[in-house]
Amino acid sequence: MDQGTWAVKVGLAQMLKGGVIMDVVNPEQAKIAEDAGACAVMALERVPSDIRADGGVARMSDPSIITAIMKAVTIPVMAKCRIGHFVEAQVLQALGADYIDESEVLTPADEANHIWKHDFKVPFVCGCRDLGEALRRIGEGAAMIRTKGEAGTGDIVEAVRHMRTVSGEIRKIQSMTQDELMAEAKSLGAPFDLVQIVHDTGKLPVVNFAAGGIATPADAALMMQLGVEGVFVGSGIYKSSNPEARAKAIVEATTHYNNPDIIARASENLGTPMPGMAARSLKPEEILAVRGW
Amino acid sequence: MAVIGVLALQGDFAEHIKLLETIGVEATEVRLSDDLRKIQALIIPGGESTTIVQLMDAFDLTAEINRLVKEGMPTWGTCAGMIVLAREITEDRPKPLGLMDIRVRRNAFGRQVDSFEADVSVPVLGEKPFPAVFIRAPAIEEMGPDVEPLANLNGHGVIAARQGNVMVTAFHPELTQDQRFHAYFLSMVSGS
């Protein structure tokens, strides 16, 4: 029996496909998420919009919150550590978290290096804004990628930008000849072997979800139609007026992302979405997506 | 030739379809009950069983799948699919369809850090062991007299079984390059 292999790390992400991963801050919210059909939850102390509002240093959650949420639900429980904070990651692995998000939503612990994720048995998901960033994280051992978007805003524009960037760069690599790939790897700052795989297969070598700004069923379906394989919803659910209904509606719209009639029905009578803030209105120091490289 | 439907509500349905297509079989996604009219066999893939059951209920698939499987449609559940097809599970959710006489424990091997790969012996597939990928996998705790075990894992009991037209595996043949389990399922389809 071989544990912690690449196949089982990537495999769990494959099981999450077509699903919605929801941010939750306590066992009650986790249960609501599970009942609504979430395929996993992200256990947090504060959702991103509160982290944004509170300011200060955002760190890994109190382990007691994570373990209480793990006890409350049977679906996978993910948790966030700071970029480069490998001891927080060791703690999350020891707690039994099912996936670690090395996340720009928390304050980075290392501005030069991300965690060397191959050393862990637990799989990691990391954010990206473009293909080079995605392939660097996969090179370090991330078994799942998410486009970063701009967390805690409820504004989908950055998630769209990041996904369109990744897809466009993949199409460009696919159309290149073999002798152009090394120069492209240099320009992307990406490992050559992964650039080769993208050239040969036309896709990322791991599952890719969208994150950062999804607030409505239509937002989730938009990202799915743009080619992501599932979505993370953070502040969008519990900062809305009717979390139960909205959670369920986003799950339904993610499954039936190509069916506008179902998305329309799912979008009815959900109450007020999270108020949100335009990503364009953020000051440069308030932008989370630029954390990490 | 038979068309194989893969329940495409959530999970790794694309991997099943891709593997079926590489062996020259027509496979299609099943998301709504109308899609069930086009198919002669059904695969319920890996994924989260609570999510899959929730969406089956929300989109009126439960009763129709129940009817078709009881009428003899060849059906195969991998991992979450095994939970969905069981008579009973040891946890309070989700509510399984009760189409196979087995009691299943979810996450029987532990959390993700306990997920593993192992080569297992599956006599109906021949002598060569099958590369099995177990991801937060369930296990069969108890089975009725009409259920035929297809594979065991040392110390963990039965991990693949068949009862007439219904087959379950606790692991994911769709995540491997080995086509033998899918070929075996096709033999159930052509024999039905």
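Mentor: Let us settle a term before anything else: on a 1 Å grid over the protein atoms alone, a pocket is an open set of points where a 1.4 Å probe fits, with protein on both sides within 12 Å along at least five of seven lines, and its lining residues have an atom within 4 Å of a point. Grid points are joined across faces, edges and corners, and a volume is the space filled by probe spheres set on the points. Please keep in mind that this is a predicted model, in which local features need pLDDT of at least 70 and side-chain atom pairs count only at pLDDT 80 or more, while totals for chains, interfaces and linings use all residues. Residues are numbered from 1 along each chain as its sequence is written, chains are lettered from A and ligands numbered from 1 in the order in which they are written, and side-chain values use heavy atoms, with hydrogens and water left out.

Trainee: OK, how much space lies in the largest pocket?

Mentor: The largest pocket holds about 1,300 Å³. It is lined by 44 residues, and those closest to its centre are Gln14(A), Lys17(A), Lys203(A), Glu229(A) and Glu15(B).

Trainee: And which helix gives the most to that lining?

Mentor: That is α1(B), with six residues; helices here are DSSP runs of H or I with at least four residues, strands are runs of E with at least two, and both are numbered from the N terminus.

Trainee: Switching topic, which residues touch the most other members of the largest nonpolar core?

Mentor: Met223(A) and Phe134(B) do, in a core of 119 residues. Such a core is a set of buried Ala, Val, Leu, Ile, Met, Phe, Trp, Tyr and Cys residues joined through side-chain atoms within 4.5 Å, where buried means under 20% relative accessible area, exposed over 50% and partly exposed in between, with a 1.4 Å probe and protein chains only. Its largest share, six residues, comes from helix α5 (residues 180-191) of chain B.

Trainee: What about the sheet, in what order do its three strands come?

Mentor: The order is β1(A)-β7(B)-β8(B), in an open sheet with antiparallel pairing. Since β1 (2-3) of chain A and β8 (130-134) of chain B stand at the edges with a single partner strand each, one side of each is left without a neighbour in the sheet. Strands count as paired if DSSP finds at least two bridges between them, and β1(A) has two with β7 (residues 116-120) of chain B.

Trainee: Which residue is the bridge partner of Asp2(A)?

Mentor: In β7(B), that partner is Glu117(B).
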